[in-house]
Amino acid sequence: MDVRLGDILEMKKAHPCGKDNSRRFTVLRVGMDFRLHCCGCGHEFMIPRKKAEKNIRRIIRNDDE
């Protein structure tokens, strides 16, 4: 799966914060783990790549390149 820095991931499950955009996460770091930033509450966390890729519903690209 081609996930890049700055992409917004729409996941199957929402973040427990319950805000409006709690299903969307911005990618801050890519590697064996992803560092994600919740678009709802701003919480940052690390998640294993395998678990993240399993739960991705859609990738929203920022095509600034």
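**Charged side chains in a predicted model**

Good morning. I begin with glutamate 53, which at 24% relative accessibility counts as partly exposed; buried means under 20% relative accessible area, exposed over 50%, and partly exposed in between, with a 1.4 Å probe and protein chains only. The model is predicted, so local features need pLDDT of at least 70 and side-chain atom pairs count only at pLDDT 80 or more, while totals for chains, interfaces and linings use all residues. Residues are numbered from 1 along each chain as its sequence is written, and side-chain values use heavy atoms, with hydrogens and water left out.

Glutamate 53 pairs with arginine 49 in a salt bridge, their closest N and O atoms being 3.1 Å apart. By salt bridge I mean a side-chain nitrogen of Lys or Arg within 4 Å of a carboxyl oxygen of Asp or Glu. The two residues are four apart in helix 1, and therefore about one helical turn separates them. Helices here are DSSP runs (H or I, at least four residues) and strands likewise (E, at least two), numbered from the N terminus. Arginine 49 is also partly exposed, at 24% relative accessibility.

Elsewhere, shared partners join Asp2, Arg4, Asp7 and Arg61 into one network of salt bridges. In total, the structure holds seven salt bridges.
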